[in-house]
Amino acid sequence: MKLNKIIETAVNALNDKKAMNISAIQVGTLTVIADYFIIATATSSTHVRALADAVEEKLSKAGFEPNHVEGKATGWILLDYLGVVIHIFTRDTRDYYNLDRMWDDGTKLDLDEILTSAREED
């Protein structure tokens with residue numbers, strides 16, 4: 001249940017701040033790194049930082065603090081919430097590393113359900 005709350009909060013924070021191409025992939029059966037990856041694209045490196053800040057703020061308000069943060073000065077910020085790893089990229093960096101293809105064997109979550117449930121709570 002805790003992981004679901006992290007996913008829901010992070011996806012909605014990303015969506016609220018206009019992240020593009022948000023995806024969430026269940027990878028727990030494929031790796032010990034995390035149970036889920038959330039991947040999002042930003043329009044610029046400034047937008048990458050703004051998205052990461054928004055996710056950290058919303059998750060902190062919900063009682064979750066990151067275990068680790070990487071890349072604050074790059075085109076790729078990684079937020080590790082022990083079970084859920086959030087990757088925020090610029091478009092070129094996301095295309096280059098192509099994590100969506102790398103983890104294609106994972107199960108993609110239906111984000112429409114997550115975003116709809118958040119709208120219903122408002």
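Why does Val11 count as buried? In this predicted model, where local features need pLDDT of at least 70, side-chain atom pairs count only at pLDDT 80 or more, while totals for chains, interfaces and linings use all residues. Residues are numbered from 1 along each chain as its sequence is written, and side-chain values use heavy atoms, with hydrogens and water left out.

To come to the question, Val11 counts as buried because its relative accessibility is 0%, where buried means under 20% relative accessible area, exposed over 50% and partly exposed in between, with a 1.4 Å probe and protein chains only. Val11 sits in helix 1, residues 2-16; helices (H or I, at least four residues) and strands (E, at least two) are DSSP runs numbered from the N terminus. If we leave aside neighbours within four places in sequence, Val11 is in contact with Ile22, Ile38, Leu111, Ile114 and Leu115, contact meaning heavy atoms within 4.5 Å.

Let me turn to the sheet, which is open, with six strands in the order 3-4-5-2-1-6 and mixed pairing; two strands pair if DSSP finds at least two bridges between them. Its edge strands, each pairing on one side only, are strand 3 (68-70) and strand 6 (107-108). Helix 1 packs on this sheet, touching strand 1 (20-26), strand 2 (36-42) and strand 5, and its direction makes about 5° with that of strand 2; axes here are lines fitted to C-alpha atoms, for helices over the stretch in contact, and angles run from 0 to 180 degrees between N-to-C directions.
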